[in-house]
Amino acid sequence: MKKTLLIAAAALAASVISSQAQVYSQNIVGYANVITPNAGANYLISVPFKMGVSNGANEVLPNLPEFSSVLIWNTGSSSYASYQTDTGSPTGWTDGANPVPPPLLPVGQGFFVSPANSNVTNTFVGAIAINVGTSNVMTLANSGANYLVGAVVPYAGSVTNGSNSGGGINLKALPEFSSVLIWNPNTSSFAGYQTDTGSPTGWTDGANPVTPPSLTVGQGFFISPSDVNAKWTIGL
């Protein structure tokens with residue numbers, strides 16, 4: 001099983017804080033570098049750590065070059081809100097014209113980032129979820145809606161490796177014929193995968209059996225469930 005949990009340091013103190021139904025340690029610090037190689041390209045990423053006070057973009061992406069863009073997906077309206085770094089703004093961010101607060105980038109949410117320079121390394125350092133041996137369950141309320149999500153832990157590997165008690169992401173419990181979209185920044189297109197128990201792999205590309213998709217640390221992706229209140233788990 002391929003799994004990557006990048007943990008840089010762990011102290012012995014046991015104080016914890018609670019956020020977004022996860023349990024985080026103030027003394028177990030996660031570290032990951034997510035590189036965006038090409039200026040102007042769109043990269044679909046997520047933040048697997050609790051960072052700063054609010055996981056605001058100013059805390060998560062403090063070194064993003066001037067006039068870089070961040071796109072936040074709104075499931076209800078099926079549209080993006082656009083934000084741009086701008087040191088001329090009192091907040092450091094604009095909506096392309098007016099100053100706006102930095103967007104929030106909570107754990108478990110995917111978002112697009114388009115760097116203004118090439119070879120930008122986005123360094124994520126923050127508290128890591130520590131409810132080891134349990135599952136973090138995300139519920140997707142609406143059938144057919146598109147949810148832009150990410151793992152709540154720094155995981156790399158197949159989306160079917162996880163279990164309820166550990167191992168990473170587990171999308172095997174998604175309703176039949178749910179869809180997963182994986183973004184390719186080189187082609188600016190999505191690869192589509194569909195759950196299908198009639199396939200020997202459990203997945204198709206809509207027509208043919210395919211290997212289940214895999215993710216890298218800090219990668220966001222879309223899920224479109226085929227039924228209401230669909231659940232997927234991230235085991236620790």
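Where does Ser188 lie? Ser188 sits in the loop between E14 and E15, and the close-up views below start from the sheet that holds these two strands. The model is predicted.

**View A. An open sheet of 5 strands with antiparallel pairing.** The strand order across the sheet is E11-E18-E14-E15-E16. Its edge strands are E11, residues 147-149, and E16, residues 203-204. Each of these two edge strands pairs on one side only. Strands of a sheet pair through backbone hydrogen bonds, in either a parallel or an antiparallel manner.

**View B. The pairing of strands E14 and E15.** Strand E14 covers residues 179-184, and strand E15 covers residues 189-195. The two strands run antiparallel and are joined by 6 bridges.

**View C. Ser188 in the loop between E14 and E15.** The phi angle of Ser188 is near 55°, a positive value in a residue other than glycine. Ser188 has a relative accessible area of 47%. Buried means under 20% and exposed means over 50%, so Ser188 counts as partly exposed at 47%.

**View D. Ser78 in the loop between strands E5 and E6.** Strand E5 spans residues 69-74, and strand E6 spans residues 79-85. Phi of Ser78 is near 50°, a positive value in a residue other than glycine. Ser78 is partly exposed because its relative accessibility is 47%.

Technical notes. Residues numbered from 1 in each chain as written. Predicted model: local features only at pLDDT ≥ 70, side-chain atom pairs only at ≥ 80, totals over all residues. Heavy atoms only, no water. Pairing = 2+ DSSP bridges. Helix = DSSP H or I, 4+ residues; strand = E, 2+ residues; numbered from the N terminus. Buried < 20%, exposed > 50% of the residue type's maximum accessible area, 1.4 Å probe, protein only.
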